[in-house]
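The sequence and the model are shown first, and the description follows.

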Amino acid sequence: MIESIQLRVLQGDPIVHDIHHASLPPLFRGKPELHSDQCPDGCNECQKVCPTNAIQLHPLSIDMGLCVFCPLCEQQCPEKAIHFTNEYHLACSSREQLVVSDATKNISPELASEKIRKYFGKSLKLRQISAGGCNGCELELNALSNVNFDMGRFGIEFVASPRHADGIVITGPLPKAMAEATYLCYDAIPSPKINILFGACAISGGIFKDSPELNREFLNNYPVDLFIPGCPPHPLTFIAGMLDWLDKK
Amino acid sequence: MISLTVQNHQPFAIKNIPILTLQEFEGSVREGMLTHARMIGLFGLEKTQTETTVIAVLSNPSTSSLHLVGTVFTAINNRYNSFAGVHQQTHYFECELAENHHIIPEGHPWLRPVRKQTVVLDKQPYSMYRMEGEEVHEVAVGPIHAGVIEPGHFRFQCHGELVYHLEINLGYQHRGIEQLLLNTSAAQQNILCESITGDTTVGHTMAHALAVEAISRTTVSLRTQTLRSIAEELERIAMHLAGLGGIANDVGYAIGAASYGRLRTLVINSSALLCGSRFGRGFIVPGGLRFDATTEAIELLQKNLSLVQKDVSTINSVMFDASSVLARLDHTGTVSGEWAKSIGMVGPAARASGIELDTRSQFPYGAYRYSPLPLITLSTGDVFARARIRSLEIDESIRFIFEQFENLPSGSIFNELQPRAKESGVISMVEGWRGEIAHCVFTDSQGSWKRYKIKDPSFHNWYGLALALRSEAISDFPLCNKSFDLSYSGHDL
Ligand code: SF4
């Protein structure tokens, strides 16, 4: 008993209290900041090195749905036109919004519909589907329940059964072998339900996008409510995005 | 045995691998295994319209040597005598070879699919074992499990609570990594290796980088080697903490789960100090590192680790002393040393069963050549031993990291890669936190990859989990599963 109390004292106060103003290590790579005015004529160094073809030129843009934040482009750029900032507010409600250009300032998802906010604003239960996820995204989603991030305090939790869930969070590029299970799981969730894609693989296939072993048809058939970019996304990117989307500030 | 003998990370010309007649090949592999070698690979190296050249790779920890030997199969002569009846450790390798190349092991005791569950291996589609009888029942779980976890399918044959047989069906995560690795840029290859299994990013990128550097005869600085090993040990500490937290959670020891969880956050945030990613992504690349450690990062990292060291020892001593915890861990999910050895188990799970196997000490590479780590073993092979060994390894890894920081060499963190040797190969083994990782890599006449074979430690150990469940209560499955902590994506590739 005494020992348990001792352990509890050791825990201190590890929680991230302010979800919107946490400080992350200097090298953490969040929202890219682009300065295409610095691009030398005819230079395409960044595009050449990008492993996921996330970069477009004229005008310069980075698709965070593809980007794995490696950050070769930043290191290759002769003029520092690309810089990955510490900004972890990256969640978006549309695929187009994930494409960052010079003009992109703050990224935040559009508010969820009134119906969704009314239904899920106070309590949201999610079922996770790992479809080819490498366990990077899964570990970060698990971290949401630890004492540091404790997402449960906002009424958002992961549940075991799709029957108890209000939506899914997909990780991974969706291999063929998971196609059927993904449909079955989604169909088992009562409506209305939401669909969240977590990580570059889920959003675009990421580094696996050209693999013949994928079947991403599910995503053509069901709308996506929220995109959480990253490889893997930081837990705070997920919580901050959810709070913004559901207007829980 | 007749074979090409090389060392870990020693490049060789493919033409030096003896290609034997089938009979000689079988004899040679058998002889190797009788002299305590372990199989770490059995795969097709080259395929023409009519022929497939198959290579067997054996490793001998007692002599720190690797042995390669090959033979040729054709569409008509596609059978050999299975080794698995006597040497169970080859069972899964033979299944994999059959699945990928339709080369059939004659007399194999349990030919089953590895990643493609619907493939016809020999004559008929595989169907899982099923026990018949009164009050016998079958429990099927997955591919989607209760938690936030990767997919796989488990089928239990039970009598009441008691499990007679657990069969594990994987392949849901198959993304075709080995194939993708062949025709992509170096940057893409590195990201692919980071994603073989994202919890072992450092382990697999280390194996990849060492393989590429060996085959292009590029050396890296001492500083690079040291920082790489620090990252590898950080990954080990973090995942061991995650595993202990999971075990604490599964036995309902909430304060333990919360404490290990908090400390793990500190450790992965320390990895982020080195490279920005909590999983070591973007850190190790062939040729060196993408980030150098700054003085501030090192100071902060050491501060974090001192705290982890202090707290973890308190938590460990409380948890491994609590009778309510021990009652669940002791004598649960036992894999005897004899079984562990015969099925070729690796990593902490094998060491918990008393098997002396650790790539860092038996096939040392990088900084482990200069600063050896002790090879820790326990003997009981139960959940307790698998948990305890992870706590002991955390202590050693922390000690190792402090030691490295004490005299961190200076030097450049990146050296340009030389051109790759042509028609060559290299076996690159490293000790990931789950155990032995092997990347067997071969180039063609242009120096491009012609074969990239990956073996994650989980490839051996899933079968260990199945054995651990024999005659156990099905309610102990989550606990046993957590104590093995295996990778689905690493297995499925
Ligand atoms: S950081 Fe993103 S955009 Fe830049 S090279 Fe890497 S994957 Fe491409």
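## An enclosed helix in chain B

How many of the 11 residues of helix H2 (residues 91-101) of chain B are buried? In this predicted model, the count is 10 of the 11, so the helix is largely enclosed by the rest of the structure.

The buried residues of H2(B) are B:His91, B:Tyr92, B:Phe93, B:Glu94, B:Cys95, B:Glu96, B:Leu97, B:Ala98, B:Glu99 and B:His101. Just after H2(B) comes B:His102, which takes a positive phi of about 55°.

## Nonpolar cores

The largest nonpolar core of the model contains 90 residues. Within this core, the residues with the most contacts are B:Phe156, B:Leu166, B:Leu241, B:Tyr253, B:Phe283 and B:Leu465.

When residues up to four places away in sequence are not counted, B:Phe156 touches B:His137, B:Glu138, B:Val139, B:Val141, B:Val163, B:His165, B:Leu166, B:Leu469, B:Ile474 and B:Phe477.

## Two further buried residues of chain B

B:His204 lies in helix H5 (residues 201-215) of chain B. B:His204 is buried, and its relative accessible area is 0%. With neighbours within four places in sequence left aside, the contacts of B:His204 are B:Cys193, B:Ile196, B:Thr197, B:Ile437, B:His439, B:Ile454 and B:Asp456.

B:Val6 belongs to strand E1 (residues 4-6) of chain B and counts as buried at 3% relative accessibility. Its C-alpha atom is separated by 6.4 Å from that of B:His67, although B:Val6 and B:His67 are 61 residues apart along the chain. Leaving aside neighbours within four places in sequence, B:Val6 is in contact with B:Phe12, B:Ser65, B:Leu66 and B:Leu68.

## Cysteines

Over all chains, the number of disulfides is zero. What is the distance from the sulfur of A:Cys77 to the closest cysteine sulfur? That closest sulfur, in A:Cys39, is 6.3 Å away, which is too far for a bond, because a disulfide requires the two sulfur atoms to be within 2.5 Å.

A:Cys77 counts as buried at 17% relative accessibility. A:Cys50 is also buried, with a relative accessible area of 13%.

## The interface of chain B and chain A

The size of an interface is often given as the accessible area lost when the parts come together. Between chain B and chain A the buried area is about 4400 Å², and carbon and sulfur atoms give 65% of this area. In chain B, the residues that lose the most area to chain A are B:Ile144, B:Val148 and B:Arg175, which together make up 16% of what that side buries. The contact involves 53 residues from chain B and 56 residues from chain A.

One salt bridge is found across the interface of chain B and chain A. The side chains of B:Arg278 and A:Glu140 meet in a salt bridge with an N to O distance of 2.7 Å. Between chain B and chain A there are 19 residue pairs in polar contact. On the side of chain B that touches chain A, at least two residues each come from helix H3 (177-180), helix H4 (186-194), helix H7 (254-275) and helix H8 (295-319). H7(B) supplies the largest share of that side, with 12 residues.

Note on methods:
Residues numbered from 1 in each chain as written. Chains lettered and ligands numbered in written order. Predicted model: local features only at pLDDT ≥ 70, side-chain atom pairs only at ≥ 80, totals over all residues. Heavy atoms only, no water. Core = buried A, V, L, I, M, F, W, Y, C linked by side-chain atoms within 4.5 Å. Buried < 20%, exposed > 50% of the residue type's maximum accessible area, 1.4 Å probe, protein only. Contact = heavy atoms within 4.5 Å. Buried area = accessible area lost by both parts, 1.4 Å probe. Salt bridge = Lys/Arg side-chain N within 4 Å of Asp/Glu carboxyl O. Polar contact = N/O pair within 3.5 Å; in protein donor to acceptor, adjacent residues only side chain to side chain. Helix = DSSP H or I, 4+ residues; strand = E, 2+ residues; numbered from the N terminus.
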